[in-house]
Amino acid sequence: MTCAETTIWSVMSYFGTKYHEYRQAYPSDIIRVLANTSSERLLPSKGLTAYAISRVLCHFGLGTRVYWKNAYQQEEFKRLIHYYIESGIPVIAIVKNEKVCHAVVLIGHSNIDGGKPPSARPLSTNISVIDTADFERKYVVSDDNSAPFRTHGFLKD
């Protein structure tokens with residue numbers, strides 16, 4: 001299994017354990033679902049696209065949504081991720097650079113890091129708010145390449 005299949009297993013393990021409406025998905029279940037749409041051999045795995053991950057999760061009954069970081073302003077994207085995680089919904093993040101494409105699951109966040117607090121945003125003429133999503137945080141990550149529950153400073157750039 002690659003990181004993509006591991007993220008699917010991790011997310012389904014979480015939902016299957018927490019909610020009786022879902023069940024855990026084992027590697028053989030994931031391969032079986034992928035076999036219905038693949039035009040080539042699945043093992044050894046070459047990895048999955050974000051849409052393939054989404055399709056498999058939908059097959060197992062989860063409603064998914066794919067967000068692309070470059071389609072949003074930086075602060076808006078950070079808020080989206082924060083709101084999902086704060087609501088107890090794990091987020092699969094595809095981390096990509098010139099050499100590597102890797103999938104991890106964001107499962108929580110650290111306490112607010114020190115530093116300058118964000119500015120208040122006007123909500124109306126008499127009300128301004130400070131959104132807790134605007135504080136700098138590190139995310140707790142489930143990554144098949146490292147120890148569990150490590151923190152990482154995703155979304156800083």
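This is a predicted model: local features need pLDDT of at least 70, side-chain atom pairs count only at pLDDT 80 or more; totals for chains, interfaces and linings use all residues.
C3 comes out as buried, at 14% relative accessibility (buried is under 20% relative accessible area, exposed over 50%, partly exposed in between, with a 1.4 Å probe and protein chains only). Its sulfur sits 7.1 Å from the closest cysteine sulfur, that of C101, which is too far for a bond. C58 is in no disulfide either, with the nearest cysteine sulfur, in C3, 19 Å away; C58 is partly exposed at 39%. The disulfide tally is 0, taking a disulfide as two cysteine sulfur atoms within 2.5 Å.

Residues are numbered from 1 along each chain as its sequence is written, and side-chain values use heavy atoms, leaving out hydrogens and water.

On to the aromatics. Rings of Phe, Tyr and Trp (its six-membered ring) pair if their centres lie within 6.5 Å, with planes under 30 degrees apart called stacked, over 60 edge-to-face and the rest tilted. That gives 8 aromatic pairs. In the case of Y19 and Y22, the ring centres are 6.5 Å apart and the planes at 80°, so this pair is edge-to-face. Both tyrosines are partly exposed, Y19 at 33% and Y22 at 24%. Together with Y14 and F15, they make up one aromatic cluster.
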